[in-house]
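Please consult the sequence and the structure alongside the text.

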Amino acid sequence: MNKNAGTSSTLSKELFNQVGRYRHKVFVETLGWELTTRNGEELDQFDRPDTLYVVSQDDKGNVNGCARLLPTSQPYLLGEVFPELMNGAPVPCSDDIWELSRFAAVDFNSRTTSALSQFSSEVAVKLLQDSIAFAAEQGAKRLITVSPIGIERLLRRAGFHAHRAGPPMIIGGHPIFACWIEVRQPG
């Protein structure tokens with residue numbers, strides 16, 4: 001697995017375009033989410049110049065995973081679109097709490113497993129570890145996510161320190177929940 005991390009301007013234009021197409025394939029075509037798309041790419045209002053991305057590529061350069069990181073001190077998905085997932089608690093707003101969103105680790109070039117089963121793959125675990133480490137480098141002490149309920153299984157199996165911020169809810173026909181992920185500081 002090859003990892004790249006940075007903003008839309010520090011990743012190559014080609015790689016950033018691949019991320020948009022990859023997200024479209026995962027979230028729109030595979031999972032059936034109704035999201036904003038343009039020219040076969042899935043990007044939304046939270047894909048800003050200051051947004052950070054962690055991208056995984058296979059040995060041939062194909063994107064096989066991505067994650068988006070935003071500080072909660074700026075507008076972010078949970079705070080703007082899904083505050084009800086906090087179960088009445090205030091939405092986080094801090095420079096040391098970051099949101100992890102649009103996390104996916106599906107290898108569409110793998111012929112051995114289905115796309116949906118790959119959410120628990122080694123690539124998924126490594127991408128999540130890399131995303132947490134990159135967020136920590138930016139000063140994050142905790143992450144908050146809005147995720148499909150299946151991500152909870154990945155977090156438990158892989159030993160991440162995570163817990164629900166509220167109960168799962170069915171939104172747009174999909175069970176999702178807000179989840180805290182603790183960032184371990186080095187040392």
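## Basis and terms

A residue is called buried when its relative accessible area is under 20%, exposed when it is over 50%, and partly exposed in between, with a 1.4 Å probe and protein chains only. By that criterion Cys-179 is buried, at a relative accessible area of 2%.

The model is predicted: local features need pLDDT of at least 70 and side-chain atom pairs count only at pLDDT 80 or more, while totals for chains, interfaces and linings use all residues. Residues are numbered from 1 along each chain as its sequence is written, and side-chain values use heavy atoms, with hydrogens and water left out.

Helices (H or I, at least four residues) and strands (E, at least two) are DSSP runs, numbered from the N terminus. Strand S7 covers residues 142–148, and because five of its seven residues are buried, it is largely enclosed by the rest of the structure.

Two strands are said to pair if DSSP finds at least two bridges between them. S7 pairs with strand S6 (residues 97–104) in the parallel sense, over four bridges; here Ile-144 of S7 is the bridge partner of Glu-99. With strand S10 (residues 174–182), S7 pairs in the antiparallel sense over seven bridges, and Ile-176 in S10 is the bridge partner of Pro-148.

## Salt bridges

Side chains of opposite charge can pair when their charged atoms come close. A salt bridge is counted when a side-chain nitrogen of Lys or Arg lies within 4 Å of a carboxyl oxygen of Asp or Glu. The structure holds 13 of these. One of them joins Arg-23 to Asp-47, with the closest N and O atoms 2.8 Å apart. This pair links distant parts of the chain, 24 residues apart: Arg-23 belongs to helix H1 (residues 13–30), and Asp-47 to the loop between strand S3 (41–42) and strand S4 (52–57). Arg-23 is buried, at a relative accessible area of 1%, and Asp-47 is buried at 17%. A network of salt bridges links Arg-23, Glu-42, Asp-44, Asp-47, Arg-68 and Arg-102.

Glu-152 forms a salt bridge with Arg-164, the closest N and O atoms being 2.7 Å apart. Glu-152 lies in helix H4 (residues 150–158) and Arg-164 in strand S8 (residues 162–164), so that this pair also links distant parts of the chain, twelve residues apart. Glu-152 counts as buried at 11% relative accessibility, whereas Arg-164 is partly exposed at 39%. In a further salt bridge, between Asp-50 and Arg-48, the closest N and O atoms are 3.0 Å apart; Asp-50 is partly exposed at 36%, and Arg-48 is buried at 16%.

## Helix H3

Helix H3 (residues 122–137) has 16 residues and reaches 22 Å from its first C-alpha to its last. That span is close to the expected 22 Å, the expectation being 1.5 Å times one less than the number of residues. Buried residues of H3 include Ala-124, Leu-128, Asp-130 and Phe-134. Just after H3, Gly-139 takes a positive phi of about 105°.

## Cysteines

A disulfide is a pair of cysteine sulfur atoms within 2.5 Å, and the structure holds zero of them. For Cys-93, the nearest cysteine sulfur is that of Cys-179, 20 Å away. Cys-93 counts as exposed, at 63% relative accessibility. For Cys-179, the nearest cysteine sulfur is that of Cys-66, 18 Å away.
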